[in-house]
Amino acid sequence: MNTQDTFVLGGKEFHSRFILGSGKYSMDLIKAAVEYAKAEIITLAVRRTNTKKEENILDYIPKNVTLLPNTSGARDAKEAVRIARMSRELGCGDFVKVEIMRDSKYLLPDNSETIKATEMLAKEGFVVLPYMYPDLYAARDLVNAGAAAVMPLASPIGSNKGLATKEFIQILVDEIDLPIIVDAGIGRPSQACEAMEMGAAAIMANTAIATAGDIPTMAKAFGNAIEAGRQAYLAGLGRVLERGASASDPLTGFLRD
Amino acid sequence: MSENQFFVDSDKLSEKALEKKHRLENDPSVRSNFMEYQDGMEQISSDVMEKVLSQMDAYDYSSYIEADVKRALMHETCSVEDFKALLSPAAAPYLEQMAQRAKIETSKHFGNTVYFFTPLYIANYCENYCIYCGFNCYNDIVRKQLTEEEIEHEMQVIADSGIEEILILTGESKAMSSVEYIGNACKMAKKYFKNIGLEIYPVNSDDYAYLHACGADYITVFQETYYAPKYETLHLMGHKRVFPYRFEAQERALMGGMRGVGFSALLGLADFRKDALATALHAYYLQRKYPHAEFSLSCPRLRPIVNNEKINPLDVHEKELCQILCAYRIFLPFIGITVSSREQKHFRDGIVKIAATKVSAGVSTGIGDHEEKYTGQQQNEAGDEQFEIADNRSFDQMYGDISAEGLQPVLNDYIYV
């Protein structure tokens with residue numbers, strides 16, 4: 001077993017494959033994610049950076065954690081670029097998760113605007129992680145646009161419905177040569193584990209932990225599940241029998257010459 | 001059902017004014033046609049009003065039975081039909097189940113966050129005669145419009161308390177509180193706040209575009225009641241009398257580039273079930289037409305006003321209000337729900353755990369009295385309040401109370417681009 005199992009984003013090496021999303025925000029959640037799920041990357045909505053003076057979210061994030069500001073609130077590529085620049089000015093670094101939504105009900109990402117924004121931001125030297133609907137062509141365009149990873153959604157954000165787009169995420173894992181980070185909709189540790197078994201590079205989750213009865217314990221459960229899934233992937237999953245048992249006598253035993 | 005007695009005669013009105021007031025109140029034929037746009041009012045081509053009003057007219061809530069309510073609660077996605085069942089009297093015994101379902105939907109979309117804002121009234125001059133409102137032009141109250149210096153001072157006091165989202169309000173007088181005056185207030189607010197909403201008289205889409213450029217991004221307009229025949233008897237004079245122009249305000253605001261819009265009926269004025277249905281459908285149909293925009297619903301109940309302390313929300317008790325809010329949440333899980341200080345502490349503390357996502361804090365509905373309210377320092381004469389509030393908690397108290405409930409207060413979740 002490879003003990004140096006890391007993955008690289010924007011030239012930075014990460015050991016933990018759990019990324020904390022930003023949707024539901026709480027100081028307890030950040031603490032739990034870092035302590036119990038060993039998160040090394042934490043998403044931060046630029047639109048929520050400044051809060052009550054004595055409780056600035058930035059103060060609660062340990063220095064060894066990489067901030068991943070997102071462009072939530074952007075409705076097109078231009079707005080996403082402006083928010084990314086603001087985040088850089090605020091001192092949040094060069095990482096940016098592009099999120100562009102033109103639907104307030106499902107908050108589904110707009111792939112075509114996301115591709116445009118990715119290209120513009122990559123040219124400005126950002127490490128761009130685009131949140132996208134798992135479509136192979138869009139993913140290829142994102143690679144060409146200069147993305148550092150691709151972040152397909154598992155199911156509508158906040159829905160806790162798990163891997164509704166499983167087949168399509170598998171295609172991205174198989175065909176795209178960048179880390180595939182599964183984002184949005186993961187509701188249970190078992191679903192996170194499954195995505196990792198499929199070959200995802202990392203999992204981003206938020207609601208599932210934020211709304212759990214016991215946040216630290218749920219954070220720990222996610223950390224363990226992600227690690228287990230990763231190990232299963234590295235070990236090479238055993239044969240899965242899709243239908244019934246296999247015959248012990250070969251079906252082709254009658255062949256003679 | 002009993003009715004509120006709204007008419008109050010001030011002894012300061014001249015005989016002529018009093019006579020006009022009485023004629024407006026008693027003789028419908030002297031009132032203007034409330035379905036006709038007045039000069040300068042933009043008419044947009046929209047089918048949303050037709051859709052909402054026809055659904056409301058056809059809604060017979062007494063026809064729903066418990067089985068409809070049970071079915072609605074079983075469905076993963078709440079249809080318009082399901083929503084109608086949840087608003088009906090048949091749903092009353094299912095209030096606890098509705099609350100539990102609403103809580104799940106709220107936490108899926110908003111986690112345990114509660115947003116804070118505070119209203120800032122900058123003027124209470126009004127040209128309308130809306131018989132239930134403390135600001136109505138015949139009501140004898142202290143009128144005031146803040147100067148730019150006074151507005152800035154109020155904003156400093158509010159910003160110092162920690163608030164980051166402000167809702168700027170005026171009475172409805174375009175002559176006294178012009179669009180430019182409100183625009184200047186927005187420009188000033190930009191210096192102190194992250195998020196600026198407006199609750200002012202409805203304007204045309206180009207004026208909304210101007211106010212957006214000044215820094216405002218949210219427009220709230222209350223239709224008060226969606227039941228047109230009742231609307232006509234409550235809004236006797238002024239531009240607010242024009243029902244369709246008010247109805248279309250949110251759509252014009254979105255056309256003008258605003259990020260989000262808010263809606264409400266004033267519960268207690270008319271049939272609250274029909275009004276609640278229409279309010280949610282107003283947002284629902286506009287969301288389908290403008291899917292990128294953000295939407296929020298409020299749920300004000302009638303409150304006593306200066307010179308008429310008997311005004312009350314009639315049959316809309318806390319249980320009914322809770323039923324409405326749970327139904328809103330289940331039908332529109334992604335939508336913001338605001339509960340103002342018209343409600344008492346125990347209700348607001350309870351409802352944020354179920355359905356509400358935004359509450360006001362450190363509230364005054366008077367004009368220019370924030371410093372007095374926040375610091376106890378006596379100030380110059382303040383203008384009278386629009387209605388009596390029921391929750392006087394300061395921002396810090398609210399912050400503490402909401403945190404103590406295990407919820408996460410959020411002061412800003414917004415970016416102006």
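**Conventions.** I worked on a predicted model, in which local features need pLDDT of at least 70 and side-chain atom pairs count only at pLDDT 80 or more, while totals for chains, interfaces and linings use all residues. Residues are numbered from 1 along each chain as its sequence is written, chains are lettered from A in the order in which they are written, and side-chain values use heavy atoms, with hydrogens and water left out.

**Interface.** I found 28 residues of chain A in contact (heavy atoms within 4.5 Å) with 33 residues of chain B. The two chains bury about 2,700 Å² between them, 48% of it on carbon and sulfur atoms; this is the accessible area (1.4 Å probe) lost on being put together, summed over both. I looked up the salt bridges (a side-chain nitrogen of Lys or Arg within 4 Å of a carboxyl oxygen of Asp or Glu), and the count between chain A and chain B is one. It joins the side chains of Lys161(A) and Glu76(B) at 2.7 Å, N to O.

The largest pocket holds about 540 Å³ of space. I took a pocket as an open set of points on a 1 Å grid over the protein atoms alone, where a 1.4 Å probe fits, with protein on both sides within 12 Å along at least five of seven lines; lining residues have an atom within 4 Å of a point. The volume is the space filled by probe spheres set on the points, which are joined across faces, edges and corners. Of its 22 lining residues, I noted Tyr106(A), Glu76(B), Thr77(B), His109(B) and Pro333(B) as the closest to the centre.
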